[in-house]
Amino acid sequence: MNKGILAPLKKYIGMFSATILITLVIVLLQAYFPYINKIIVDDIVTNKNYSLINSVIISIIIVALFMCILDVIKRWLITNMAENIQKNLKEELLSHLRKKPFEYQVKKSDGYLVSYFQSDITLIALIYRDIFPITIQIFFQIFISLTIIISVNVKILLMGILIICLNVIITKSFSHKIKDFSTRYQHENAEVHRFLTDTLKGSKEILNSNAEEWEKTKNRNVLKKPISTSLALTKISALSLNINLFIYWLSFAMITYFGLGLVRKGEMSIGVLIATTTYFMSLLSPVLLLFEMNIEYKKALGGWKRVRELISQKERPEKNKTINESLKEISSCNVLDVSYAHSGLTKKLLNNINFSAARGELTLIKGVSGEGKSTLVQLVAGFVSPTVGKIFLDDLLIDDIPDTELRKHMKVMFQDPDFFVGTIADNLTFNKENITEEEIHHILSCLNCEFIYQYSDGIHSILDENIRLSGGQKKRLALARTILSKSQVLILDEPTSGLDMENEQNILNYLSEIKEQRIIIIISHSSLAENYADRKYELNHGKLEFQTLGGDSLARSNLSKPRD
Ligand SMILES: Nc1ncnc2c1ncn2[C@@H]1O[C@H](COP(=O)(O)OP(=O)(O)OP(=O)(O)O)[C@@H](O)[C@H]1O
Ligand SMILES: [Mg+2]
């Protein structure tokens, strides 16, 4: 049993205990029905005690009614508990996904994240809604059936125990393979999710190849893989299940043979024989179900493992008052001796990088495609940690700054900006406080985003598939979103790429106007941007070379030096 999987139950211990209690009562009531057989055969039919008929029928109805009511309550409790656990897990995952290192998102890509929510959580919810409650019920059923059988005949009981032991041994011998196939199936399904999401998002393979190439592409294997794994899993599970089933029927034949021998010798009544075989048979379905549950549990554990992997990732530090105070007015961002290699790659992409960006300045970082500029952005923004070296906001190491604080004071405009389905205004003000509509209109006009007003609801138009923004429009809107945040540090990854000269100039002018209260780092290839930059660096073969100080910053005083 995976201990962590019990943890979510702690919060609902009352509900869970009530469920266990109700289950026990239901199982006890169920045990009454085989006993009825004995009364009917021995007392009513054999001893001709017909006066018992009415009370037997009434008792059946009362017990059945009581059982049904209890079952409704039990189901309600279980659903309530499982749905709440599912909701909590989704919330926990969401909050981790928002904070987690950016690299994780990039590496796992959207498809994995979709799969975390859709397939893993559904599987995990099964544990609390079906697997745990049914397993508990089965254990009670087995225990009660065995207790009743022991009171009738010890030999039959021993036979029952022997069969259960045999079943356990057989199931154990198969379980390793079942677990392996289940985990593989989960991973392959996640790959399918990722593949479908990538493809739907306008993916590379489809766009870059014609239909025939697409037919041939090896990625089709991604879709096929889970089928063969699922078939292998079914084969092995069905084999294990049916061997158990055969042993059970065989033992039923033996017990009936043995019992009939006792009846013949007059050592057991027919009613007791029927009741005993019924109790014995009532062991069959729960024991088999238990094995099936074990298979489902193993599958769900695969999902649980993948979700825990995400949740257990290192958190940033908690809130801290002194840090909040120090961040009120940030005067510089300093990168000291930073080197970085992407995980899995031995060669360093960035080698001993040093740079400073100061308040009131536009700092430009240029470099040819693939040099590592966007990677540097991820490092400075704290999404990934450098392999070596340190990054500071003034004298605060960014690793020591709580995530909420860092995100408040530093905003990144990504190279490929994205928007969620919601109004334009919601997209622009997401996660920001106190932004007025006037401010939104103002920034839109400053950045030439009047195209928004061609939609009938203006900034309240919903950005969905009906609104197709051009690449340049997306850039301007994303820049508006970043600037609206009023954060002190703005990191803009290619904010003007793909834009015409006029728009580019407009944006650079605007950034120059607002730079006084901010530290602005621009990643750009553009030569126009160079004219506006106060401080210029060039990334070249993993090294960042300082180029020049622009006019504004020459006059400026020294940057504050970080403490070591
Ligand atoms: N998560 C990652 N894992 C492994 N390699 C990566 C990862 N992200 C980027 N790379 C590799 O690192 C190199 C630099 O990528 P990066 O996106 O930082 O370049 P860039 O300078 O921003 O390029 P561009 O100007 O085209 O945007 C590339 O070779 C890229 O394939
Ligand atoms: Mg880039």
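A residue counts as buried when its relative accessible area is under 20%, as exposed when that area is over 50%, and as partly exposed in between. The exercises below apply this to a predicted model.

**Exercise 1. Describe the chain as a whole before turning to single residues.**

Step 1. Begin with the secondary structure, where the chain has 18 helices and ten strands.

Step 2. Turn to burial: of the 564 residues in the chain, 48% are buried.

Step 3. Consider the surface, of which the chain exposes about 29300 Å², with carbon and sulfur atoms supplying 59% of that area.

Step 4. Finally, look at the contacts with a separation of 6 or more, 78% of which are accounted for by residues 24 or more positions apart.

**Exercise 2. Find which parts of the chain the salt bridge between Glu 83 and Arg 129 ties together, and classify both residues by accessibility.**

Step 1. Check the distance: the side chains of Glu 83 and Arg 129 meet at 4.0 Å, N to O, and the cut-off for a salt bridge is within 4 Å.

**Exercise 3. Determine whether Lys 366 is buried or exposed, do the corresponding analysis for Glu 530, and describe the salt bridge between them.**

Step 1. The closest N and O atoms of Lys 366 and Glu 530 are 2.8 Å apart, and the two residues form a salt bridge.

Step 2. Lys 366 has a relative accessible area of 14% and is buried, while Glu 530, at 19% relative accessibility, counts as buried.

Step 3. The pair links distant parts of the chain, since Lys 366 is found in strand β3 (residues 361–366) and Glu 530 in helix α17 (residues 527–532), 164 residues apart.

**Exercise 4. Work out how far apart Lys 408 and Glu 405 are in helix α12, and classify each by accessibility.**

Step 1. A salt bridge joins the side chains of Lys 408 and Glu 405, at 3.8 Å from N to O.

Step 2. Both residues lie in helix α12 (residues 403–409), where three residues, about one turn of the helix, separate their positions.

Step 3. Lys 408 is partly exposed, its relative accessible area being 45%, whereas Glu 405 counts as buried at 5% relative accessibility.

Step 4. Elsewhere, salt bridges with shared partners join Lys 366, Glu 530 and Glu 538 into one network.

**Exercise 5. Characterise the surroundings of ligand 1.**

Step 1. Identify the shell: ligand 1 is surrounded by 14 residues, of which the closest are Ser 369, Lys 373, Ser 374, Thr 375 and Gln 415.

Step 2. Sort the shell by residue class, which gives three nonpolar, eight polar and three charged residues.

Step 3. Trace the shell back to the secondary structure: helix α11 (residues 373–380) contributes the largest share, three residues.

Step 4. Examine the side-chain N or O atoms: one in Lys 373 is 2.8 Å from an oxygen atom of ligand 1, one in Ser 374 is likewise 2.8 Å from an oxygen atom of the ligand, and one in His 342 is 3.2 Å from a nitrogen atom of ligand 1.

Step 5. Conclude with the cover: ligand 1 on its own has 630 Å² of accessible area, and the protein covers 66% of it.

Terms used
Residues are numbered from 1 along each chain as its sequence is written. Chains are lettered from A and ligands numbered from 1 in the order in which they are written. This is a predicted model: local features need pLDDT of at least 70, side-chain atom pairs count only at pLDDT 80 or more; totals for chains, interfaces and linings use all residues. Side-chain values use heavy atoms; hydrogens and water are left out. Helices (H or I, at least four residues) and strands (E, at least two) are DSSP runs, numbered from the N terminus. Buried means under 20% relative accessible area, exposed over 50%, partly exposed in between (1.4 Å probe, protein chains only). A residue is near a molecule or strand if one of its heavy atoms lies within 4 Å of it. A polar contact is a pair of N or O atoms within 3.5 Å; within protein, one must be able to donate a hydrogen and the other to accept it, and residues adjacent in sequence count only if both atoms are side-chain atoms. Accessible areas come from the Shrake-Rupley method with a 1.4 Å probe; for residues, only the protein chains shown count as cover. Ala, Val, Leu, Ile, Met, Phe, Trp, Tyr, Cys and Pro count as nonpolar, Asp, Glu, Lys and Arg as charged, and the others, Gly among them, as polar. Contact means heavy atoms within 4.5 Å.
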